[in-house]
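This briefing sets out selected features of the structure shown below.

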Amino acid sequence: MKKISLGDQVSICYEGETVLDALLRDNIDIPNSCRQGACQSCMARSLDVEPPAASQSGLKDVLRKQKHFLACLCYPEQDMAITLSQQPAFFTEGMVIDKKPLNQETLLLAVECKDPLDYHAGQFVNLKRADGLTRSYSIANSRAHDKKLTFHIRRLAGGRFSEWVHQELLVGDKIAVSDPQGLCYYLPNKPEQNMLLIGTGSGLAPLAGIIAEALQQGHTGDIYLFHGSREMDGLYWIEEMLELERQYPNFHYTPCVSRGDSPKGVAIGRANEVALSQLPNLKGWRVYLCGHPEMVNQTKRQAYLNGANLQDIYADAFHVASTSLD
Ligand SMILES: Cc1cc2nc3c(=O)[nH]c(=O)nc-3n(C[C@H](O)[C@H](O)[C@H](O)COP(=O)(O)OP(=O)(O)OC[C@H]3O[C@@H](n4cnc5c(N)ncnc54)[C@H](O)[C@@H]3O)c2cc1C
Ligand code: FES
């Protein structure tokens, strides 16, 4: 049992609990979303001891040195005094400028930010509504726009943020947009490198941004996209991707469904399995994996076994805090 002091408040962190668990149990209002160390929205700072190394995983060196840590990954090894007020995530004001369906469960949300954002295609931001509820969403456009960002937001039944976006958020409403984050992005440093991109559901969002950026930058290597869903109605942007395939001979697109019938041109099977059976040798390739955490983790291993260098595998698992009580 460890004591976590936050100002005058002391929370008790029991064996096997994270700092986030302890604070939420005491109704302390700490932003959080994925609870897996992915979104960085629960960042806090230690005022005394060094945070456990595992709780600083994925943070920039400068933040580590300042004893920032992720509360959802922090199993404290000793008593800690912490602060939430020094959180380095900056938010800019955004306004919804478009909202339209992509399929039955996913919509496209376009947000115009007040200040320009410096991001790489494929990164994500945290969107925050007025009551502080925050969730991560990947940027679905290329760097051609620094103020106008688009997102693909899938509605999860009972999901607080996604249901609100689908049902209540209107064009003209304000929403806060964080600094871009994440390491799953495109850099034009090796334009001749072949790229394999696999996404499920709204995991197409960051991949669409990466593909647009790569093609705009004149990427010459082959670019293979496999977009998967259980059924046909979970896919979207089929026409847009086919059009891109017609325009760019080095871009290849395979929609995949794992259940039911599929029309001509749509592969049957899970996107990752279809992709790796068609491309069994990934030596020298760059691989991007986005969407369902299980698919992402499985495929990361398999892509490595198929020859891809670990440093060339970029992944964003769309972790959902399934027991979110906030
Ligand atoms: C890096 C990253 C990028 C992402 N990018 C995208 C993206 O581009 N597009 C996208 O659509 N999503 C993306 N996500 C996922 C997104 O951040 C949200 O997690 C997702 O939209 C669900 O949020 P929510 O508030 O709607 O659901 P939550 O309220 O967090 O609930 C999640 C699920 O848990 C269930 N649930 C909630 N509370 C309880 C409870 N007490 N008991 C049992 N079940 C419960 C809900 O019914 C729901 O199904 C990304 C996630 C990460 C980490
Ligand atoms: S990183 Fe802790 S809640 Fe997402």
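A backbone N or O atom of Ala 157 lies 2.7 Å from an oxygen atom of ligand 1, which qualifies as a polar contact (a pair of N or O atoms within 3.5 Å; within protein, one must be able to donate a hydrogen and the other to accept it, and residues adjacent in sequence count only if both atoms are side-chain atoms). The model is predicted, with local features requiring pLDDT of at least 70 and side-chain atom pairs counted only at pLDDT 80 or more, while totals for chains, interfaces and linings use all residues. Residues are numbered from 1 along each chain as its sequence is written, chains are lettered from A and ligands numbered from 1 in the order in which they are written, and side-chain values use heavy atoms, with hydrogens and water left out.

**Surroundings of ligand 1**

- An oxygen atom of ligand 1 is 2.7 Å from an N or O atom in the side chain of Ser 162.
- For Tyr 137, a polar side-chain atom lies 2.6 Å from an oxygen atom of ligand 1.
- On its own, ligand 1 has 970 Å² of accessible area, of which the protein covers 82%; accessible areas come from the Shrake-Rupley method with a 1.4 Å probe, and for residues only the protein chains shown count as cover.
- Two or more residues of the shell come from each of strand 9 (134–138), strand 10 (148–154) and helix 3 (160–167); helices (H or I, at least four residues) and strands (E, at least two) are DSSP runs numbered from the N terminus.
- Strand 9 gives the most to this shell around ligand 1, with four residues.
- There are 26 residues around ligand 1, and Arg 135, Ser 136, Tyr 137, Ala 157 and Ser 162 come nearest; a residue is near a molecule or strand if one of its heavy atoms lies within 4 Å of it.
- By class, the shell around ligand 1 holds 13 nonpolar, ten polar and three charged residues, where Ala, Val, Leu, Ile, Met, Phe, Trp, Tyr, Cys and Pro count as nonpolar, Asp, Glu, Lys and Arg as charged, and the others, Gly among them, as polar.

- Strand 12 (residues 195–200) runs parallel to strand 13 and is joined to it by six bridges; two strands pair if DSSP finds at least two bridges between them.
- Leu 196 has Tyr 224 in strand 13 as its bridge partner.
- Between strand 12 and strand 13 the chain passes through helix 4, in a right-handed β-α-β crossover; right-handed means that, with the strands pointing away from the viewer, the path from the first strand over the helix to the second runs clockwise.
- Six of the seven residues of strand 13 are buried, buried being under 20% relative accessible area, exposed over 50% and partly exposed in between (1.4 Å probe, protein chains only).
- Strand 13 (residues 223–229) and strand 14 run parallel and are joined by seven bridges.
- The partner of Phe 226 in strand 14 is Thr 254, and Ser 229 stands opposite Val 257 in strand 14.
- Strand 14 (residues 251–257) has six of its seven residues buried, so it is largely enclosed by the rest of the structure.
- The path from strand 13 to strand 14 leads through helix 5 (residues 238–247), and this β-α-β crossover is right-handed.
- Two bridges pair strand 14 with strand 15 (residues 267–268) in the parallel sense, and the bridge partner of Val 257 in strand 15 is Ile 268.

**Pairing of strand 5**

- Strand 1 (residues 2–6) runs parallel to strand 5 over three bridges, with Ile 4 opposite Met 80.
- Strand 3 runs antiparallel to strand 5 over two bridges, with Ser 46 opposite Ile 82.

**Individual residues**

- Asn 27 lies in the loop between helix 1 (19–25) and strand 3 (43–46), has a phi near 60°, a positive value in a residue other than glycine, and is exposed at 70% relative accessibility.
- Trp 237 is in the loop between strand 13 and helix 5; its phi is also positive, near 60°, and it is partly exposed, with a relative accessible area of 22%.
- Ala 71, in the loop between strand 4 (68–70) and strand 5 (80–83), is buried with a relative accessible area of 0%.
- Ala 214 belongs to helix 4 (residues 204–216) and counts as buried at 0% relative accessibility.
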